[in-house]
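Dear colleague,

I am passing this structure on to you, as you have not worked with it before. Please have a look at it first, and then read the notes below, which say what was found.

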Amino acid sequence: MFRMTRYIESLMHPTPVRPVPKPKGPVVIWNLIRRCNLTCKHCYSISADIDFKGELDTREVYTVMDDLKEFGVPVLILSGGEPLMRPDIFDISARARDLGFYVGLSTNGTLINEDNIDQIAQAGYDYVGISIDGLEKTHDEFRQKQGAFAASMEAVRLCKQAGIKVGLRFTLTQDNFRQLPDILDLLDEHDIDKFYLSHLNYSGRGGRNRKRDAWYDMTREAMTLLFDHCHDELKRGIQREYVTGNNDADGPFLLQWAQQHYPDQVPALAQRLENWGGNASGVNIANIDNLGVVHPDTFWWNYDLGNVRQTPFSKIWSGTTDGLMQGFRQSPRPVKGRCADCRYLTICNGNTRVRAYNVSGDFWEEDPGCYLTNEEIGVAEVPRRIAAAAVEIPVNNL
Ligand SMILES: C[S@@+](CC[C@H](N)C(=O)[O-])C[C@H]1O[C@@H](n2cnc3c(N)ncnc32)[C@H](O)[C@@H]1O
Ligand code: SF4
């Protein structure tokens, strides 16, 4: 995750650059259930409104949670499918909170209503992230359910009214990038605390629909808009948090933005970004799926590291001799093509491997989702080795 606000703030009000403390355990994104009331076109978990057999039961979830706590996992993001479809979600959430985890709920919001908002408030989530992927028509088409947008925005209203910290989670595609300014207006209108721009990752239905990924020019425009918007809000004293995920080129792209706005601060920002270290799959990010299978992150559901029913998470995570995991933990990662030669490799850490794998079949190929030009990354004379997933890439971007 790229914490844009923090870095822009550091440009405006410089403080000494400090090393980032290494967390003991990874952040765990936990897909507690695969069932979902929606069937979104990009869904990495290929969720649908059917019963998926063999999911971890409450007791098993508690056993895993104890192990995660002991292993030093600081954050649990409870996700799905739609986590609110799990009958024991509030018991699980209460236990996670009692054990002292930072607990986030990742939900489509459509099942939040007047009847359960008190329970949600009592669960004491540190943060509730609600997905909004465009304005009403676009969102409903993308999420394949009429009325989804209205229901999710009503959930935002209810959560805010109940005093819960709320974020919007927006996955950028060709279909919604033009609507970003309107979505940013919604943040103000509803006094939303956080905005998470998620780049499309190519797995599950997101892999099948990767041709809908934003073109490089669109992503660049969206990111520039976001930097400007965040900067402008900070200047006006608005403390909203902006973060992005699934494209670690965002770090170097901010560095280029800083070159125009705060040229004196560029060396300090470069150092801060190196300390952040870019992509964290398999290192500071982990995933447990609904069946208890551990993956390097949420987008690697076709890549298993072990099952918590047989082996504790702590053992799977620390004891792995798996090749992909060893690559993730290598520095620099054994990336190829333009990623290998990129001048920003120490900042982005080779970006998102699942996209490279989905398009090329090779874990370590260059990431086709990197929207920086060859000139920017310092490999002007080297052509891209694999075509970007989005069709009809404007020629000047290749
Ligand atoms: C799998 S959903 C589960 C939680 C809940 N059902 C929801 O939609 O918010 C978690 C988050 O991942 C995002 N997501 C799903 N597939 C994705 C993909 N292929 N690339 C990027 N983000 C994705 C969703 O938009 C959502 O914000
Ligand atoms: S992205 Fe979320 S809401 Fe959409 S189908 Fe997947 S789990 Fe359900």
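Helices (H or I, at least four residues) and strands (E, at least two) are DSSP runs, numbered from the N terminus.

Please keep in mind that this is a predicted model, in which local features need pLDDT of at least 70 and side-chain atom pairs count only at pLDDT 80 or more, while totals for chains, interfaces and linings use all residues. Residues are numbered from 1 along each chain as its sequence is written, and chains are lettered from A and ligands numbered from 1 in the order in which they are written.

By these criteria, helix H16 (residues 353-360) is mostly covered, with 7 of its 8 residues buried. Those buried residues, among them Arg353, Tyr357 and Val359, pack against helix H8 (205-208), where contact is taken as C-beta atoms, placed from the backbone, within 7 Å. Just after H16, Gly361 takes a positive phi of about 85 degrees.

Strand S4 (residues 127-131) is also mostly covered, since 4 of its 5 residues are buried. S3 and S4 run parallel and are joined by 4 bridges, strands being counted as paired if DSSP finds at least two bridges between them; Thr107 has Ile130 of S4 as its bridge partner. Between S3 and S4 the chain passes through helix H4 (residues 117-123), in a β-α-β crossover that is right-handed, that is, clockwise from the first strand over the helix to the second when the strands point away from the viewer. S4 is joined to S5 by 4 bridges as well, again in parallel, and Val128 has Val166 of S5 as its bridge partner.

Turning to the ligands, 20 residues surround ligand 1, and the closest are Tyr44, Ser131, Arg169, Asn201 and Gly206; a residue is near a molecule if its C-beta atom, placed from the backbone, lies within 6 Å of it. Strand S3 (102-107) and strand S5 (166-172) each supply at least two residues of this shell. The shell around ligand 1 has 4 nonpolar, 14 polar and 2 charged residues, where Ala, Val, Leu, Ile, Met, Phe, Trp, Tyr, Cys and Pro count as nonpolar, Asp, Glu, Lys and Arg as charged, and the others, Gly among them, as polar. Around ligand 2 there are 4 nonpolar, 6 polar and 2 charged residues, including Cys36, Cys40, Cys43, Gly80, Gly81 and Arg143.

Some backbone details deserve a careful look, because most residues other than glycine have a negative phi, and most peptide bonds are trans. The peptide bond from Gly80 to Gly81 is cis, with omega near 25 degrees, and Gly81 sits in the loop between strand S2 (75-79) and helix H3 (89-98). Ile46, in the loop between strand S1 (27-31) and helix H2 (58-71), has a positive phi near 45 degrees, and Ile46 counts as partly exposed because 17 C-beta neighbours lie inside 10 Å.

With kind regards

Conventions:
Buried ≥ 20, exposed ≤ 12 C-beta atoms within 10 Å, placed from the backbone. Contact = placed C-beta atoms within 7 Å.
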